[in-house]
Every structure is written in C-alpha cells, then in structure tokens.
Amino acid sequence: MEALSNKRKVLEAKPLNFWERAYLPAIVKGMGITLKHFLFTKAVTISYPEQKREFSENFRGMHSLKRDEHGRERCTACGLCALSCPAEAITMISAERKPGEENLYREEKYAAVYEINMLRCIFCGLCEEACPKEAIYLDGDIVPSDYLRKDFIYGKDKLVEAPLNQ
Amino acid sequence: MGTTDIIVKLILIVVIFLISLVIAMYSTYAERKIAAFFQDRLGPSRAGPFGILQPVADGTKMFLKEEIIPANSSKFLFIVGPSLAIMTACIGSAVIPWGQTLQIGTYVLDLQVTDINVGILYIFGVVSLGVYGVMIGGWASNNKYSLLGAIRAASQNISYEIAMGLSIIALLMTTGTLSLKEIAAQQHGWHWNVVYQPLGFLIFIICAFAETNRSPFDLPECETELVGGYHTEYSSMKLGFYLFAEYINMFISSAVMATLYFGGYNFPFMHSLGLSSNWVTILGVIALFAKIFFFIFFFMWVRWTIPRFRYDQLMDLGWKTLIPLAIANIVLTGIVMTLLK
C-alpha cells in the first residue's frame, strides 16, 4: 500500500559490530555530548521570584476591579460576572450608594463585598467578557501561593485598583 | 612508638576523618550542581551564595526527620546495617598515603595513618565488609523491595570484586609490593602505573563503579524497579548514613585509584622545581586531592551520561567480559615482563 507521506524508510537491523558491542566508544561519545552541555550550554532556568518570564499580551492573571477616570469604582454589582463564571468562584453583596459617596462609586448600586476564590478560579476570562461596565479585567500577575485555603479568597482589599492620585 | 607519635597519629586520624566527612558532604552538593550543569539547569542556589549551605540544610533536615523502625523488622540489625555501612566506608582511608613526610622542627610527620605491608588487601577487605551493611539493612527491613535490592547488591559486589582483584594482580606483578606507600613512591614523576596498565585501570574503574553502587551499576537502589532498593524502609539519619556512606566510598575509591594508577601524591617535575621538601609534600597533597576531585567528577559525569544496566547485562559484563579480560591482562603482563627481563 502507498504510504501517506511517501517518507517511509525501511531500516535494516544489522548485527552490532565489535566496537558497537564493546560499549566503550559509544560511552565516550555520549560523555563528550554531556561535557559539551556542562561546559558551553547556558542554563535555561529562570530563577522565578527574582526573574520573570515575559507574559504574552493576552495573558490572564489575577483580577483587578477597575476605577473610572474620576477614581470611582466601576462595578455596579449586577452579578453578571458571577453568573458567567463556570467555576462559581465569584460572590458579591450589593449595597446602595448613600448621598455623599458619589466620588467613591460611579452608579447608585455598588458591591459592598466582592470575593473571588482563587482556588476555584480557572482564569478563563468569561467574567471580563460578561461585564457590561468594563469593571473587571484579568490583567494582573500570577496569583501568589499561600498557606491556608481561606487566604485564597480575595476580597475588595486585594482586587480593587489603587485609587487615582489626587 | 612514643606518646608523641600516638598523639600525632590520633590528630592525623581525626583530620582525615573530618576531611572525608566534609568531602562526602560537599559531594552531595557537587553531585546536584554538576547534574544541573549537565542538564542545562542551575542546581541548588537558594541556601547561601550559590547554594553553598545546601549540604548543611540537607543534613539538618535528615537529623530532624521522624525516625521510623518498621514494626516487623529485626530492630537490632535494622540499626546495625547503616552503622556498618558508614563505619566500613570511613576506615578505608587508613592506609592511603596522603603525601610524603613533613619536617616540623626535628619531628618527621608521615602523612599516612598506617603503612601496613598488605595495604591493598586491607582495602579489599574493608570494601567487602561494606556489602554487609547493605545486606543486613535490606534483610532487616522485612520488605521485598529492600531484600531484592540487598540481594542485587551482594551478588553485584561479589562478581565485580573478582574482576577487580584480578586487575590488581597484574598491577602487583609490575610493582612487586602490596604496600600502598611503596606503590605511590614507585610512581615518581611521570611513571604512573596507568601508562603500564591501561587495561587493568579500565577494568578497575569499571569495577569501582560497581563496588560503590554508582550509576550505571546502581541496581541495588534502582528507583524505577525497587522503590528505594535496600534503603526503602529507612528514614531520618539512618537513610542519611547510607547515602553518606556511598559518597565516602566514592571518595575513598577515587583516592585508591589515584594512588594505584595515577601516581598518588606524585606530580611531574616535583624535584626539579628547587623547592624545600616540605613544600613539595604540600604540593603533592594538593596534587593528590586534585586527582581525587577529578575522579569524583568523573563518577558524576558518568552517572549523568549513561543509563542503568539491566541486571542480566550487569552480570553478563562482569562474568563474561571483565573477568576473562582481567585474566588476559595478567597473562599479557607476565609475557611482557618476561620478555623485557
């Protein structure tokens, strides 16, 4: 039968000659190869916390809750992100904006509590696609490690962007 | 032998003991670092600058780990195993001539713990005892993997000891002495035995790999088949002793190879430099250690290059290749010696 690629090559199983059976030439050759790596090849290691590999442009890391151009939180606690989340990692409690808080929250409703469980999150990015207010983006770094499960539930203190400089 | 002699010898023993322990400790570091470089990695780099404190951290970890003695094991033998392994590893260094003599005032210090006239036999005896550590440990664990590892270790060491002994006989025919001190002294300047006994050296170094249970002959602890081999059940510092014994063995067999075949403390032009004898001795010790470190590096180099032999291949190589080769080497040496007489 005609092979698909026509690249088939029939190999002959030749009996090993004396030098091949003596192991040593092959061993010396192999040791030459490893020595080349020992002497000349640079280590490919990236020493992680000090050095970081460059991320691609569409890398999805830790979430951040955005502010608008006046420094007000964009999130209105509509819950679409929580609804779209396939891992059910997002929970929130909404609250109504009081008079005098207009400089803090952009709309009348805001998220009083906004929590993402980073152990559940699969970093799929569906929450940022679902958000109608452009309030959540996965533009952060890698989520750091921690010791306790409860410390992986990130609240607003870790998620909301730093306030604008006055 | 006066009191001074005894005190000096004791100091020498302690110094050599400490040196072998420190070298064994840093061999673990060197092994990891060298392995890393061979595989284009960095190796341990966190504990201290360049990871130089890694062996200390490893040792502390070993000491602090929980000590487990399996319920159905033979408790006494379970403890005897690693003790024997580390003890036999340490006493091998007694007959190795580390250098010539040092003149301190009127006192002449001989840099060798003892010069017994059957030095090579002593080393062979000690090395053979080392197998008992592995065997007893593997048997006392009451675990199939350990037992299989121990059986492999025993049969491997017994078969390779024969070839090793035969390769040494050819060397003894040319040197005419069993004393390591005399053998080292005979290889003055460039008259290294490896020039006269290349085949013997090749057989010896292959057997040394098998005797120290190093890759490609590390079947007793072959992880892929036997979990941990003879030290499967061991934990804490007892495991540490087994691992440590392996590195001390490597150091001692490197020293033996350097002494028997590579001139020991001799280095070229050692007496045409016009230095005083003390300086020549010190340079000789440095030369010996340079050779030893090269062999330790060589052990590691081979380990990270060659895959492990299968058990039947190992036996095949030992009985059907190395022993006939060693005997042929003896015959050849005899013929050449008779012709040159």
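Modeller: Helices (H or I, at least four residues) and strands (E, at least two) are DSSP runs, numbered from the N terminus. This is a predicted model, in which local features need pLDDT of at least 70 and side-chain atom pairs count only at pLDDT 80 or more, while totals for chains, interfaces and linings use all residues. Residues are numbered from 1 along each chain as its sequence is written, and chains are lettered from A and ligands numbered from 1 in the order in which they are written.

Biologist: At what angle do helix H3 and helix H10 of chain B pack?

Modeller: The axes of H3(B) (residues 75-91) and H10(B) (residues 236-261) lie 8 Å apart, an axis being a line fitted to C-alpha atoms over the stretch in contact, with angles running from 0 to 180 degrees between N-to-C directions. The two helices therefore count as roughly parallel (under 35 degrees), since their packing angle is about 20 degrees.

Biologist: Which strands of the open sheet in chain A stand at the edges?

Modeller: The sheet has three strands in the order E2-E3-E5, with antiparallel pairing (at least two DSSP bridges between two strands). Seven bridges join E2(A) to E3(A), residues 109-117, and A:Glu96 stands opposite A:Lys109 of E3(A). One side is left without a neighbour in the sheet for each strand that has a single partner, so the edge strands are E2 (90-96) and E5 (153-154) of chain A.

Biologist: How many residues of chain B are in contact with chain A?

Modeller: Contact is judged from C-beta atoms, placed from the backbone, that lie within 7 Å. Eleven residues of chain A take part, and their partners in chain B number ten.

Note on methods: Contact = placed C-beta atoms within 7 Å. Parallel < 35°, antiparallel > 145°, perpendicular 65-115°, else oblique.
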